[in-house]
Every structure is written in structure tokens, then in C-alpha cells.
Amino acid sequence: MIRRMIQYMLLIVVLAGGVYAVSRFLEAPHEVPAIPGKAAPTFSAKDLEGTEIRLADYKGKGVVLNFWASWCNPCVNELPLLNEAHKLTGVDMLAINVGELKETVQHFVDRYDLEFPIVLDSDLNIKQRYQLVGMPLTVIIDADGTLVERHEGELTEMGDILSLMNRIKRDD
């Protein structure tokens, strides 16, 4: 008798879990995946100065997004190269810090004299929208707002970075 009651209780728990999972799936916004050839997921977040930065502000120009953190060694190696490429090409770039405190980020930016805007993804919303699994992640978005390229992992060669940036460079 007790054995039968335990079986019924387990069945109820499993069914309740299934119903919960299905309801969460149906409630979740079904966004376009962050893959090349699709519209880049939109976002809005604050930079280090507290200014609201929106991806939509770069429509008509194109932009490079780089997801990073100060504890990520490949990110630490890559960001100074991206900074130099940004200065050489004039291509707009946003470095999106994933989940760190503003003070930690500011210290890093000052140490490496980064010249592009730093966006704080404190709530990890942008990370989620871009389906970030590992860092660094570099995303190239063209003037139409289409995600052109998604490079996962460290960019170690300046030639590779310049090649990516030149895909969206404007000849003003």
C-alpha cells in the first residue's frame, strides 16, 4: 500500500515537472537565433559612464561586438589587438563585459587604455540573447543590422581582425 502511494506521488511529481517545463517553453520569447545571415538580436544597456547604448544606434553603420571578461585570459590578449584595429580602421566597436562589477571593468579599461565604448551586461541579458557559451566572442553586424560573422574564441592575428572589420568598414 505504501509502495503504491510512493509510486503515485512520483508520477504526480514527474507530470507536474513536465507541465511546468512545457508552460515555461510556451511563455519564453522565441527570438531569432544569433547566427550569421539573421537579424542581430537587439539590446540596450549602460556603458561605463552610465549612458544608455542601444544596438539600434549603429543601424546604417555596422558595428563589431566583443564579449569579454577581465578574468578571461584570451580576452585579455585579444582586447588590446581589437583596440589597435579599431583605431586603424575607424570601425565602430562595442566591448560587452559579461557580468563583472563596474569598478573591475573600469580598472581593466584604464590599464589597457581601451578607446571604444564598454557596455556592462550586468544582468547577463545580452549574453543570453547572443547565446554566449564561451569567451571571447566577436560578432560582426553590418549596416542593415544583419549578423555577418560570429567568431568564437581568441583572435590572435591582427590580419584576421582587420579582415573581419573590413567586412563592414564604410568608405567615407
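**View 1. Leu 124 in the loop between E5 and H4.** Leu 124 lies in the loop between strand E5 and helix H4, where helices (H or I, at least four residues) and strands (E, at least two) are DSSP runs numbered from the N terminus. Leu 124 has a positive phi of about 65° although it is not a glycine, and at 34% relative accessibility it counts as partly exposed; buried means under 20% relative accessible area, exposed over 50%, and partly exposed in between (1.4 Å probe, protein chains only). The model is predicted, so local features need pLDDT of at least 70 and side-chain atom pairs count only at pLDDT 80 or more, while totals for chains, interfaces and linings use all residues. Residues are numbered from 1 along each chain as its sequence is written, and side-chain values use heavy atoms, with hydrogens and water left out.

View 2. Gln 131 lies in the loop between H4 and E6 and has a positive phi of about 50° although it is not a glycine. With a relative accessible area of 39%, Gln 131 is partly exposed. Pro 136 has its place in the loop between helix H4 (125-129) and E6, and a cis peptide bond, with omega about 0°, joins Met 135 to Pro 136.

**View 3. Thr 138 in strand E6.** Thr 138, which lies in strand E6 (residues 137-141), is buried, with a relative accessible area of 2%. The side chains of Thr 138 and Asn 66 are joined by a polar contact of 2.8 Å, a term for a pair of N or O atoms within 3.5 Å; within protein, one must be able to donate a hydrogen and the other to accept it, and residues adjacent in sequence count only if both atoms are side-chain atoms. Leaving aside neighbours within four places in sequence, the residues in contact (heavy atoms within 4.5 Å) with Thr 138 include Val 64, Glu 78, His 151 and Leu 155.

View 4. In helix H3 (residues 102-112), the buried residues are Val 105, Phe 108 and Val 109. Seen down the axis of H3, these buried residues fall within an arc of 95°, so they line one face of the helix; the arc is that of the directions from the helix axis to the C-beta atoms. The buried residues of H3 pack against strand E3 (63-68), helix H2 (73-89), strand E4 (93-98) and strand E5 (118-121). The face turned away from the buried side carries the exposed residues Glu 103, His 107, Asp 110 and Arg 111.
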